[in-house]
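The following exercises are for a reader new to this structure. Each gives a task and then a solution in steps.

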Amino acid sequence: MASAPISMARSNRHFVHFASEKGEIVQPMANTQHDTTYYDSCCSQRAIFDGNALYDAFLKAKEGSDWKPHVQKFEMNYLLEIAKIQDEILNGSFEYSPCTTFILTERGKERVIHGEQIRDRVVKHALCDEILNPAIRRHLIYDNSASLPGKGIDFARRRLMVHLRKYYAAQRSDKGYILLIDYSKYYDNIRHEVLVDQIGKYVTDETSMWLLRKVVDRSKVDVSYMSDAEYSGCMDAVFNSNEYARLDSRSMNGQKYMAKHLNIGDQVAQTAGIVYPTPIDNYIKIVRGVKYYARYMDDSYIIHESKEFLAELLENIIRIAAGIGITINRRKTHIYKLSEYWRFLQVQYSLTESGRVIRKINPKRITTMRRKMKKLSGRMTVTDYQNWFKSWMMGSKHYMSRLQLEGMIRLFNEEITKCIR
């Protein structure tokens, strides 16, 4: 195993060099810097095996989980652990560790979550933050609102408000329609070959592509229980990981694998979710010239004055989506009048005749939050409870009525007295 680092200089332009067992300095591979001279990054990007990049990735990976024993054990010897990871990447022997699986219920939906070891999260953070995300970002539309620096769910909601106001200014009317699109089991049906080919257009670093292939390869699904007929059509059928998790594991013998599906919670899956529907984004924005379109992962909207245009556009979107394995959820995909109440990202909207946009939080979110407040008040310290409630309130208060705000604050004042002192 490689020894401790000789230096730990914190600079984007310097690399940590490790000594080999013979005492020789192991120099990084050629092509250790990647040009990122585009509008939001004018510096030299670090290589994935750069010691400083791996250290920064470790700091991100341990956020929110530094109470776990395996994270604390890694942190106690983080220099040696980072040196070991760097050495394994450089000599091509790095392997991802087995992960744990559990089911999380969120807003009434069950999701299969895969927990990973800290060393795997470190490598994936470095892979995404240093290589993949900077490479793909310049090829994304501006209104791709997913998890990138400066973007997120608040950005998506702000862009919707901008589009509604611009539409009203152009039309001088609330007469118009919005097409809300949802994908069925989005992460479960991302095709590995399509994803690797897509990212390979933007990323030229072979080490990074090697690590990416290892990620998607370990996400393939054992479908040995399928008949030959089922197996031949499995790539075109909608895969549901929740149903798969309930199957008898004894029927999985490794004879047949399906090369699609990414684990929810995986850092690489987040990057894949951002970039995968790019052909759809480009078709809508560039080919059809639609101005009022935005997407947040698998939720998107299109605003237009013609219902017939949106209906025709939807059929073409369904065709393009099918080509990359995405299935449009017909049950959740609808065309609404802008003047009606419709919901996007858990907020109800309506455009009025005067141009005012009415926004209301989903009442179910209030009910869920009130239950959580009562449940957690006796389990958290006063400071933690206060910060947790404040964080939620800052993101939700803009969509709540005065009575809702007063009710939540009143409940908070009652429950905080039950917190651990």
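A polar contact is a pair of N or O atoms within 3.5 Å; within protein, one atom must be able to donate a hydrogen and the other to accept it, and residues adjacent in sequence count only if both atoms are side-chain atoms. The model is predicted, so local features need pLDDT of at least 70 and side-chain atom pairs count only at pLDDT 80 or more, while totals for chains, interfaces and linings use all residues. Residues are numbered from 1 along each chain as its sequence is written, and side-chain values use heavy atoms, with hydrogens and water left out.

**Exercise 1. The chain as a whole**

Task: State how many helices and strands the protein chain has, and what share of its residues is buried.

Solution. Step 1: Helices (H or I, at least four residues) and strands (E, at least two) are DSSP runs, numbered from the N terminus. The protein chain has 15 helices and 15 strands.
Step 1: Buried means under 20% relative accessible area, exposed over 50%, and partly exposed in between (1.4 Å probe, protein chains only). Of the 421 residues in the protein chain, 49% are buried.
Step 2: Contact means heavy atoms within 4.5 Å. Among contacts in the chain with a separation of 6 or more, 70% come from residues 24 or more positions apart.

**Exercise 2. R288**

Task: Locate R288 and describe its surroundings.

Solution. Step 1: R288 is in the loop between α11 and β10. R288 counts as partly exposed because its relative accessibility is 24%.
Step 1: Leaving out residues up to four places away in sequence, R288 touches Y283, F309, E312, L313 and N316.
Step 2: With one of these, Y283, the side chain of R288 makes a polar contact through the side chain of Y283, at 2.8 Å. L313 lies 25 residues from R288 along the chain, and their C-alpha atoms are separated by 8.6 Å.

**Exercise 3. Helix α1**

Task: Determine which residues of α1 are buried and what they pack against.

Solution. Step 1: Helix α1 spans residues 51-61 and is mostly covered, with 9 of its 11 residues buried. These are G51, N52, A53, L54, Y55, D56, A57, F58 and A61.
Step 1: The buried residues of α1 pack against α2 (69-76), α3 (78-91) and α4.
Step 2: At the N-terminal end, D50 caps α1, a side-chain oxygen lying 2.8 Å from the backbone nitrogen of N52.

**Exercise 4. Two helix pairs**

Task: Describe how α3 packs with α4, and how α6 crosses α7.

Solution. Step 1: Axes are lines fitted to C-alpha atoms, for helices over the stretch in contact, and angles run from 0 to 180 degrees between N-to-C directions. Angles under 35 degrees count as roughly parallel, over 145 as roughly antiparallel, 65 to 115 as roughly perpendicular and the rest as oblique.
Step 1: The axes of α3 and α4 are 11 Å apart, at an angle of about 60°. Therefore α3 is oblique to α4.
Step 2: K84, I85, E88 and I89 in α3 meet R119, V122 and V123 in α4. By class, this contact has 4 nonpolar, no polar and 3 charged residues. Here Ala, Val, Leu, Ile, Met, Phe, Trp, Tyr, Cys and Pro count as nonpolar, Asp, Glu, Lys and Arg as charged, and the others, Gly among them, as polar.
Step 3: Helix α6 (residues 192-200) and helix α7 (residues 206-218) have axes that come within 10 Å and cross at roughly 165°. Therefore α6 is roughly antiparallel to α7.
Step 4: H192, L195, V196, I199 and G200 in α6 meet M209, L212, R213 and V216 in α7. The residues of this contact divide into 6 nonpolar, 2 polar and 1 charged.
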